[in-house]
Structure formats: C-alpha cells, structure tokens
Protein chains: 2
Amino acid sequence: MESRYFTIHSHPQGLPSRDFFALESQALPELAADEVRVQNLWLSVDPYMRGRMDGVTTYVPPFNLGEPLEGAAIGEVLESRDERFTPGDRVVHMGGWRDVAQLPGDSLQALPDIDVPPQAFLGVLGMPGMTAWTGLNRIAQLKEGEHVLVSAASGAVGSLAVQLAKAKGCHVVGIAGAPEKLEWLESLGVSAVSYRGKDAQQLSADLKAASPDGFDVYYENVGGDCLEAALDNIRVGARIAVCGLIDSYNAETPTPGPSNLSRLLIRRARMEGFIILDAQNWEHYPEFLQEIGPLVARGELDYRETVEEGLERTPDAFLKLFEGGNTGKMLVRL
Amino acid sequence: MESRYFTIHSHPQGLPSRDFFALESQALPELAADEVRVQNLWLSVDPYMRGRMDGVTTYVPPFNLGEPLEGAAIGEVLESRDERFTPGDRVVHMGGWRDVAQLPGDSLQALPDIDVPPQAFLGVLGMPGMTAWTGLNRIAQLKEGEHVLVSAASGAVGSLAVQLAKAKGCHVVGIAGAPEKLEWLESLGVSAVSYRGKDAQQLSADLKAASPDGFDVYYENVGGDCLEAALDNIRVGARIAVCGLIDSYNAETPTPGPSNLSRLLIRRARMEGFIILDAQNWEHYPEFLQEIGPLVARGELDYRETVEEGLERTPDAFLKLFEGGNTGKMLVRL
C-alpha cells in the first residue's frame, strides 16, 4: 500500500512558500509486530510546527528532512498487529501530513467516548482546547470575575480561551484582525479589539478603552506589539500565560522584545511559558475532558473550524495560520 | 531646631547631575502629639529612589518637588511625644536624605535586639537583605543544589543573594564589572563573570562557559543585555525573580527588551516581578530576621558597605549606584 506525505528538503528562512513543501509517496512495508495502519480522515496544522522546520531542538525534536512531516491526525484503523486496535477503530495520533500512517500501537489513542464529531479531538477537545484550559486555569490561575485579555482571540486556542473565561464569569477582551472575527467575538460577549494598522501605543490605548481597569490575566499567543500593549495594561498581581509567540516564528532576524518589561516589576506580575505536551500538563487531560467534554457535547462551546479539502491542501492550510486565514481550528479533511 | 535636607525642584531627564540636588534647611516646629524627633546617624541610598524622582506613581508615590526626599535611615531619638520611644532609642524609619527627622511615632521601628552594628538594618538585615532572601526563596523558590545566576552580584542585594544561594549548596554565578568586585565574588566561591565591554551574545557565551548546564534561577537586578544573556542560558522550569532593572532607570527613551523572550516558552520558565514593601512580602520580615540575624551576628555573611561621609555627600552616594561605584550596601554616615 502507498502512503502519500508531505516533507521538506531544507530549512526555511522566514515564512516558507507553498512550493517549499514536497508531496511524495512511499510503499508501506508489511505491518511489523505491534504496528497499526491508519487511514487518516482529518489532519491538524498548528503554528508550533514552524519551529520544528528549523532543524533545531527546542522543546520538540526538529522534523527530519526528507521524511514525512508530523502532526496530530484522526484516522480509522485499516489493519492492526496490536491487539488493542481492530479495523474500523477511530484513533488520534501524530502521523499527520499524510494520507495513510503506519505506527506502533503505543503511539495511538482510541477516541474518547464522547458524542462529538471526530475532528473535535484535534481542536476543542484536543491539544488546542487543552492548551486554552491549562493556560487559563493552571498557569494563570484564573479566578471568577477577573479581567482577561486574549491575543489571537479567534484562533484555535484563543477562541476557546475567551469562552472558557466567559464561562467563569470573567470580563473578556479579545484581540483579532478581520472584521468578521471581531464580530464573532462580540457575539460571544467578548469586547473585540482589532490590532490592524496599529502600533503598540495605539493598541494599548484601545485596550485601555475596552477595559479601563486593566487585566488580571493575559493569555498570550502572539508577542510583539500585543505583548507590549498588554504589559501597559496589566493590574497588580497579573499573570501572563505564554502559550505562543506567533509573531516571531517566521522572523529572519531577532526582533526586539517589549520596551516595557519593567511593568512586570511595577505591577508585581508573573509571566510564564508552558508547553502543553509536558507530562505535568498533559496528565490533566482526563480532568479537562471530564469538565469540557459535556459542554461540547451539549453545544455550549461555539467552536469554529476552518477546513481545507484534500491532502494536497495541507501546506496551504498551514501557511494560512500565519496570515490570519483561520477562524478557530485549522483542519484538513481527507 | 534646624533640619538640613536634600530636595529636587524638577524631574530629571536621564541620570541627574550632582547639582540637581539642592541642600536646604528648615526650622522644625514644636513636636506635635505622637511625634518623635530623630538625629539621623546613617542614611540609605537605593536605586529604586530614581523612580520616585519622575513625578509618576509606580508602586510608591513620587517625591514631592521642594520637599525633603525620603529613604531609609537609622537614627537616635532626641525627643518624643510617643510613649513607645524615649531619647537615646535607636530607630529605623523612612525620613532619610536629612540630618534631623521629625515623624509620627507610628512610622518608626525600634532596632531589633540583635548584636550587629546599627547600619546593618539598612543593608544585610534591612530592605536589601530581605529583598535578596524573598526573591530567592519566595519568588524563585530556590531549592538546594540548583544553578543560580545573579546580576549586579556585588551590589547591596546581589552580594547577599549570592551568599544566601551558596549557603543553600547552590552553584552560583555572579555578574559584576570592576576587577576587585569579581575578585571578591571569587573569594566567596562564586564564579564571577564580567559584563564589561560585552554585548548580550558575548556575555551569554561567558555565562555558558561558567555554567554549561545553564541556570535554574536567575536573580535579576539589571535588565538589558544581562537579561538577554540570562534567557539564553535558562534551564527547563527556570524561575526569574525580577528585583530591579537598573539598566533602564535613567533611560530617556524606551529601550527595547530582549529579543529572546521566546526562551520563556521553550524552557517553560517563569519571570516574576516583586516589590519588597508589599504586605504579602514584608510580613515575612520576622521570619527573615530569625533565620538571617544569627548568621550576621556570628559573622557568617560577608556583607560589604561602601560609605560616604556627611550629609552633603548623599547625592554623590546615590549617583554612584548607577556608576558601579559601590560594593555591597551604599550608605551615608552623618
């Protein structure tokens, strides 16, 4: 059986172009003991993948040039030599960027028994949802009724962070770009602030207008001017959960940080980075599923998806992440 | 009775010059009920005072133009209308930058009964010592045997932070400038690294040479290149206690922050500012005295003082803080 997959043959400088990604194929060998073959149905593309293209180990090993890229995916078992899986089982795994994956059974998880569409486990009930929940609750220790700011508030993680904060009775301000994203945020009861055409100072003034008393928690996905504007508006004892800094992922030279880091001191604030796949975070996944799963099954979380059709469109889906091209979770349907 | 004091008549731009400070005098009124008159013996000058000269409330109210500047001081009671104090008592208070202070009794503290020279309560057993102890233990949650980096490591706070960390069995690297400061640090068993003539990249390489495995805790007094070089060298789970950012206190325009804040994310690190006079910090002062007082009384902490003689030299003492002119606590003896 053939597997078609995307790979890269060099490390990109800046934002890669569409043709930087090569679609190749290989004949899959017979299944070895404990291996499982999976027909992928949904692929996830995520900003963190950009870091894995640089050939440097950060918190995950880099992608290997010439080998299939990796990423979260949902698929259906075609054939199994692991007794825990039988053909037809729905599974989630990291063998994305390809149509057919062949993996050790240990690297597959059966989809949890919650009545939601399977791709929800790549988004609202997968890594992005878990990331929003962990950043707010465990890293920033959000309390009821606090003032919360979320950057990239209509993205896969941000769109859930704003809703989880709203569900906790918080006053929520979200930063986004496109008018339809701002509108959607407003429909959720979130005060939406556009970053477009603004420097840090202007953005800071608009955040102040949206929340004159400032922010207790800042959920950071972006960095750059968003961080500088947010620092201007933090309250005493504020917590900044650093989930991502997408502004810098494609920078070709180091870009300076905010000039107002002294706000951390003046406001006795805390800024903390976290990686959702670290054991001390991921071990709370069952707790997250138990709390958030029922909300999703009952339709109480308005999770959005932006879907590209067909394996061939995977690089396009990935590149859109850096162009503001998605509302909610960016997915590829095979 | 006359009180001679220093004041300022405008807000400085950048580092003020010596003649920016005016020595003036006033006749003190009769003591009101509950007031105490104190002959000052020792005055403290500290970097945070620069912030109070800007006319803006940060975490302390600004100095009032034309009124006596304020700061920690040790003195002897001359006359008292507060029954808790009698002439001859040694007290610590905030009526510094002057020779005679007249204050409500509520704003005085009797010196604790520990057998040390009185000025120790402005340094090793005062705010600087408490700041070092709090930053390491309560903010950074330092554990035995960890790798610790301290900037401004020969300053009032840094020189105590390095020793408290050594006493906890930690591997300690200190950043300082002058050769005699580096030598003194080495004599304490601290690996000393000079910042002089180096950009962030060179400093980073030297820190890596001094501690190839990086740092679990960074005690930050400086900011700028020190912060950037430190971020390059933090380990997974690192904690950065932000005590001060002296590099920026005299900046006339905002200076960009470090270009590598993404290290907080990659290393799942935490950066937290704190203000020692906040109630949740200062309430631990008795605990600090109980732990550190005996060490000082037994001569087990090598605390240094740099002393200027006479009230007239107070501005000179203050300005030296920004020129690397002090080892340990900067004091004025009257």
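Ala, Val, Leu, Ile, Met, Phe, Trp, Tyr, Cys and Pro count here as nonpolar, Asp, Glu, Lys and Arg as charged, and the others, Gly among them, as polar. The structure is a predicted model, in which local features need pLDDT of at least 70 and side-chain atom pairs count only at pLDDT 80 or more, while totals for chains, interfaces and linings use all residues; side-chain values use heavy atoms, with hydrogens and water left out. Residues are numbered from 1 along each chain as its sequence is written, and chains are lettered from A and ligands numbered from 1 in the order in which they are written.

Start inside chain A. Contact (heavy atoms within 4.5 Å) involves 18 residues of domain 1 and 12 residues of domain 2.

How is that interface built? The size of an interface is often given as the accessible area lost when the parts come together. Buried area here uses a 1.4 Å probe and is summed over both parts. Domain 1 and domain 2 of chain A bury about 1,200 Å² between them, with 57% of it on carbon and sulfur atoms. The side of domain 1 that touches domain 2 has 7 nonpolar, 7 polar and 4 charged residues. The count of salt bridges between these domains is 0. A salt bridge needs a side-chain nitrogen of Lys or Arg within 4 Å of a carboxyl oxygen of Asp or Glu. Polar contact links 4 residue pairs across this interface, both residues at pLDDT 80 or more. That term means a pair of N or O atoms within 3.5 Å; within protein, one must be able to donate a hydrogen and the other to accept it, and residues adjacent in sequence count only if both atoms are side-chain atoms.

A cavity is a set of points on a 1 Å grid over the protein atoms alone where a 1.4 Å probe fits but cannot get out; lining residues have an atom within 4 Å of a point. Points are joined across faces, edges and corners, and a volume is the space filled by probe spheres set on them. The count comes to 2 cavities of 30 Å³ or more.

The largest cavity holds about 70 Å³. Its lining includes Gln119(A), Ser159(A), Tyr303(A) and Lys329(A). By class, that lining has 5 nonpolar, 4 polar and 3 charged residues.

Finally, the chains meet. Chain A and chain B each put 29 residues into the contact. They bury about 2,400 Å², of which carbon and sulfur atoms give 67%. The count between them is 2 salt bridges. Arg268(A) and Asp278(B) form a salt bridge at 2.6 Å, N to O.

Key:
Buried area is the accessible area (1.4 Å probe) that two parts lose on being put together, summed over both. On a 1 Å grid over the protein atoms alone, a cavity is a set of points where a 1.4 Å probe fits but cannot get out, and a pocket is an open set with protein on both sides within 12 Å along at least five of seven lines; lining residues have an atom within 4 Å of a point.
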